[in-house]
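Hi,

Here is the structure I promised to pass on to you.

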Amino acid sequence: MDKRVVNYIDSIKQEYKRNYIVLFEFIKEYAPQVQIEWIFNCPFFTYYGLLIYIGMDKKSKKVYLGFCNGSLLNDFFKILDNSTTKTVYKWFFDDDDSFIKNKDFLKILIEESMTINKLKKTNI
């Protein structure tokens with residue numbers, strides 16, 4: 001893994017670190033075909049273009065997943081937040097419970113995101 005990614009993860013504040021690592025490892029394990037690239041000064045998961053990134057919201061003190069093509073996803077459970085951007089939709093995670101309860105829906109969103117990118121054949 002790129003040293004910048006390792007350094008980035010090491011530098012995350014304790015209040016975010018556990019949730020960040022849980023999501024990071026889940027995505028790597030669930031979708032091994034995605035690449036981890038250093039883009040915009042942070043790690044991005046890519047697959048035929050920008051796919052997902054993990055962010056930390058300072059105001060709410062929550063970790064979130066930013067789905068780069070979020071506006072094209074089927075948000076069946078109305079869990080994604082699009083209040084700050086038009087294309088990137090965010091899923092905020094409160095704690096491990098929030099993640100565990102919604103793991104299957106997260107898999108669906110990752111798969112759908114990958115399909116959208118592959119069909120669009122987007123590149124950065």
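**Starting from Leu73**

Leaving out neighbours within four places in sequence, Leu73 is in contact (heavy atoms within 4.5 Å) with Phe67, Leu80, Leu109, Glu112, Ser113 and Ile116. Before I go on, some background: this is a predicted model, where local features need pLDDT of at least 70 and side-chain atom pairs count only at pLDDT 80 or more, while totals for chains, interfaces and linings use all residues. Residues are numbered from 1 along each chain as its sequence is written, and side-chain values use heavy atoms, with hydrogens and water left out.

Back to Leu73, which is found in the loop between E4 and E5. Helices (H or I, at least four residues) and strands (E, at least two) are DSSP runs, numbered from the N terminus. Is Leu73 buried or exposed? Its relative accessibility is 9%, so it counts as buried (buried is under 20% relative accessible area, exposed over 50%, partly exposed in between, with a 1.4 Å probe and protein chains only). Leu73 and Glu112 are 39 residues apart in sequence, yet their C-alpha atoms are 6.8 Å apart in space.

**The core**

The largest nonpolar core has 40 residues, and those with the most contacts inside it are Leu65, Phe67 and Leu106. Such a core is a set of buried Ala, Val, Leu, Ile, Met, Phe, Trp, Tyr and Cys residues joined through side-chain atoms within 4.5 Å. Among the elements that give two or more residues to this core are helix H1 (3–11), helix H2 (14–30), strand E3 (50–57) and helix H4 (103–120). Not counting residues up to four places away in sequence, Leu65 touches several residues, including Leu23, Ile27, Trp91, Phe93 and Leu106.

Val34 is 17 residues from Leu51 in sequence and 8.5 Å from it in space, C-alpha to C-alpha.

**Helix H1**

Which residues of H1 are buried? They are Val5, Tyr8 and Ile9. Seen down the axis of H1, these buried residues fall within an arc of 95°, so they line one face of the helix (the arc is that of the directions from the helix axis to the C-beta atoms). They pack against H2, strand E1 (35–39), E2 and E3. On the other side of H1, Lys3, Asp10 and Ser11 are exposed.

**Salt bridges**

Side chains of opposite charge can pair when their charged atoms come close. How many salt bridges does the structure hold? It holds three, each defined as a side-chain nitrogen of Lys or Arg within 4 Å of a carboxyl oxygen of Asp or Glu.

- Asp2 pairs with Arg4, the closest N and O atoms being 2.7 Å apart. At 44% relative accessibility, Arg4 counts as partly exposed.
- Glu15 and Lys61 meet at 3.6 Å, N to O. Glu15 lies in helix H2 and Lys61 in the loop between E3 and E4, so the pair ties together parts that are 46 residues apart in sequence. Lys61 is exposed, with a relative accessible area of 53%.
- Lys28 and Glu25 meet at 3.5 Å, N to O. Being three residues apart in helix H2, Lys28 and Glu25 are separated by about one helical turn.

Enjoy looking around!
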